[in-house]
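Here is a short briefing to read alongside the model.

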Amino acid sequence: MKGLVIRNTGSWYTVRTDDGQLLECKVKGNFRLKGIRSTNPVAVGDRVSVVCQEPTANSQQQTAFITEIEDRRNYIIRKSINLSKQSHIIAANVDQAFLIVTVTNPQTSTTFIDRFLASAEAYRVPVVLVFNKTDLLDEDLLRYQQAMVTLYETIGYECRQVSAETGVGIEELRPLLDGKITLLSGNSGVGKSTLINCLVPSANLRTAEISDAHNMGMHTTTFSEMIPIDHSPLTIDHLPFLDEPSGRAERTIDHSAAQTEAVGNNGQCSARPKDACYQRDARMVNGQCSYLIDTPGIKGFGTFDMEPEEITGYFKDIFHFSKDCRFSNCTHTHEPGCAVIKAVEEHYIAESRYQSYLSMLGDKEEGKYREAQ
């Protein structure tokens, strides 16, 4: 039996099987990505194989085993905050990511943005920067936000300026979502839940105010979940990644048995009642449905499994100038004839981008989680 992981609450996973069942699964085994230790070896967006098992004499509960995770087309990954030698997979098999940022209440740092963008570049995930809370900006903050938009658009990233509170710019986002699986990510408090409520009113996600004491967001989304736009039943055949070839950053899995549990009888794994969220019609484009992956807000973005010599390639602007460096193995930190340092000095590369690059080089040297605020 094959299915798709549509919800991850930390210890439990909801799997939508290809025949339409929703199974609540608990992983007990040790799944490992080849060469990567992860705090969540199964992620929303994963395609998995599930085998049901007969109840035993000691337990009337029926169990199911996730016996395989299919190769991922891509994923977004970051270093776990509390376990510095392990990773956390935010989502798998996505068509694009919306990084929600705010210039105030709370302020998203350029370091955080650049680290997310570099990780997405590593796994070939297109990113749209969505600047939210434009209704809160005075003239100075509007100028600052426009400067950030100009910076990232010049590099080659699409940017949108919206207000989930007033609805400004929301309708312009809808065409970007059509026929795609879109990951929403960002710091806590940037308005991801409010934005989803605008795009999918029936989602009715909980929202919260910003902490006055620290001007930081408080977690309102506590688990990752795939949400159909316009409330479609989750039709596996319509998911765009099933028949596409794998990207260059796809990782293979060292498969191990993991146990899942579901209540049932008569030798069959029992599905819980179908979630109303997956019973309605989604917007379809060329036979493909549209879905959002809602994720908990994150405070910092520690990069994972990046070698220093690879990082240049994940910064589009730095990579462009690096081809003119005197030495092919230039680290762009001190070498004579470095075209990147010269471009920074001449303001062809933003100082903030260069500092983000240097901070990521430091990740590997320090071997620990770096918080990017």
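The protein exposes about 16,700 Å², and carbon and sulfur atoms supply 47% of that area (Shrake-Rupley method, 1.4 Å probe; for residues, only the protein chains shown count as cover). This is a predicted model, where local features need pLDDT of at least 70, side-chain atom pairs count only at pLDDT 80 or more, and totals for chains, interfaces and linings use all residues. Residues are numbered from 1 along each chain as its sequence is written, and side-chain values use heavy atoms, with hydrogens and water left out.

**Overall build**
- The protein has 8 helices and 18 strands (DSSP runs numbered from the N terminus: H or I of at least four residues, E of at least two).
- Of its 373 residues, 53% are buried (under 20% relative accessible area; over 50% is exposed, in between partly exposed; 1.4 Å probe, protein chains only).

**Nonpolar cores**
- The largest nonpolar core holds 61 residues, of which Leu129, Tyr152 and Leu183 touch the most other members (a core is a set of buried Ala, Val, Leu, Ile, Met, Phe, Trp, Tyr and Cys residues joined through side-chain atoms within 4.5 Å).
- Helix α1 (residues 110–122) gives the most to this core, with 7 residues.
- Apart from this core lies another of 19 residues, among them Phe98, Val130, Leu173 and Ile227.

**Around Asp95**
- Asp95 sits in the loop between β8 (87–92) and β9 (96–101), and counts as buried because its relative accessibility is 16%.
- Its side chain makes a polar contact of 2.9 Å with the side chain of Arg73 (N or O atoms within 3.5 Å; within protein, one must be able to donate a hydrogen and the other to accept it, and residues adjacent in sequence count only if both atoms are side-chain atoms).
- The Asp95 side chain also reaches the backbone nitrogen of Ile181 at 2.8 Å.
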